[in-house]
Amino acid sequence: MSTKAHSIKDIAAKANVSITTVSFILNGKAVERNISKAVIERVEAIVEADGYKPNQIARSLRTGNSQIIGLIVEDIANPFFAGIARLLEDKAYKKGYKIIYSSTENQAGKTRELIHLFKSRQVDAYVIAPAQGAEKDIQSIINDGKPVVLFDRYLPELDVNYVGVDNFDASYRAAKHFIDEGKRNLALVTVDLDIEQIKEREAGFNAAVAESGIKKKASLVIKVPYGTSREDTITLLVDMLKQAPQTDAILFATNYLAISGLLAIKQTDKRINKDLSVIAYDDGDIFKLHTPQISALAQPLEEIADSIIKKVFEQL
């Protein structure tokens with residue numbers, strides 16, 4: 001009766017090869033080490049027949065590599081972050097890596113906990129959409145010599161790779177589009193967060209309004225506190241539309257604010273595209289399904305994911 005292989009040593013004995021040869025085959029280095037096809041097939045057949053699975057933690061401790069990339073974002077349920085995560089997962093898998101991810105809810109304390117957790121898992125690299133206040137914790141990873149790529153939002157204090165879009169220009173162009181359509185009572189609905197990409201979106205909106213010569217009091221900037229429930233956000237936006245009935249165009253600085261905004265507009269007598277023009281930052285299926293379809297500033301997810309993976313593997 002044959003016994004199952006429970007270790008690399010067992011596989012090597014059954015295949016009549018060295019432990020080093022088995023290790024190279026299991027780690028995908030057989031071709032570069034000029035191991036014959038016959039030996040590769042013999043070892044792989046034993047591995048498959050016996051259902052052998054290497055101890056990933058033990059291997060990472062031994063080699064210093066876990067083949068895992070840690071992804072830390074604000075909210076993995078957000079369509080933007082979910083889309084990026086899925087693309088990164090596919091691209092990393094093709095290179096022999098897995099992605100593990102978690103959400104910070106934009107809390108520096110939770111970011112610190114996740115970084116400590118990922119350190120204990122010996123992840124090989126970090127991709128982070130950082131919360132403000134996480135600078136020291138991210139610097140600690142950099143000091144460890146681990147590859148780090150920030151995306152969507154950057155921290156000016158850190159000397160680190162960053163991937164993002166021109167938020168100022170996107171908001172500027174959206175507001176300019178409203179103005180070119182003849183809109184004169186614009187509103188920006190944004191989140192009250194002290195992070196660079198949100199500040200840039202507000203700055204782009206304000207620049208377009210100032211350039212147009214529209215009186216400043218004719219434009220509104222509504223800042224919704226971060227973490228406000230959808231119900232309370234809807235109430236706030238309904239009140240805004242009642243207090244400023246002349247508003248004829250709204251730019252929403254995030255996709256989740258846009259969703260709350262559409263629900264708020266439904267509670268008023270405003271009709272989208274007739275009484276009120278709307279543009280949402282970040283695309284989403286819900287905007288395509290809405291009648292009439294909602295215009296959106298779509299971020300190039302594929303290009304962002306490609307750039308992130310390229311920068312990660314350049315460092316690895």
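A: Start with burial: a residue is buried under 20% relative accessible area, exposed over 50%, and partly exposed in between (1.4 Å probe, protein chains only). Glu 105, with a relative accessible area of 42%, is partly exposed. The model is predicted: local features need pLDDT of at least 70, side-chain atom pairs count only at pLDDT 80 or more, and totals for chains, interfaces and linings use all residues. Residues are numbered from 1 along each chain as its sequence is written, and side-chain values use heavy atoms, with hydrogens and water left out.

Q: Which residue forms a salt bridge with Glu 105?

A: Side chains of opposite charge can pair when their charged atoms come close. A salt bridge here is a side-chain nitrogen of Lys or Arg within 4 Å of a carboxyl oxygen of Asp or Glu. Glu 105 pairs in this way with Lys 110, and their closest N and O atoms are 3.3 Å apart. Lys 110 is partly exposed, at 25% relative accessibility.

Q: How many salt bridges does this rule give?

A: The count comes to 15 salt bridges. One of them links Lys 91 to Asp 306, with 2.7 Å between the closest N and O atoms. Lys 91 lies in helix α5 (residues 79–94) and Asp 306 in helix α13 (residues 301–315), so this pair ties together parts that are 215 residues apart in sequence. Helices (H or I, at least four residues) and strands (E, at least two) are DSSP runs, numbered from the N terminus.

Q: Is Lys 91 buried or exposed?

A: Lys 91 counts as buried, at 16% relative accessibility, whereas Asp 306 is partly exposed at 37%.

Q: Where do Asp 169 and Arg 173 lie?

A: Both are in helix α8 (residues 167–180), 4 residues apart, about one turn of the helix. Asp 169 is partly exposed at 30%, and so is Arg 173 at 48%. Elsewhere, salt bridges that share partners join Glu 74, Asp 152 and Arg 153 into one network.

Q: Which residues touch the most other members of the largest nonpolar core?

A: In soluble globular proteins, nonpolar side chains tend to be buried together. A nonpolar core is a set of buried Ala, Val, Leu, Ile, Met, Phe, Trp, Tyr and Cys residues joined through side-chain atoms within 4.5 Å. The largest has 27 residues, and Val 189, Ile 250, Phe 252, Val 278 and Phe 287 touch the most other members. Its largest share, 6 residues, comes from α11. Apart from this core lies another of 23 residues, including Leu 88 and Ile 309.
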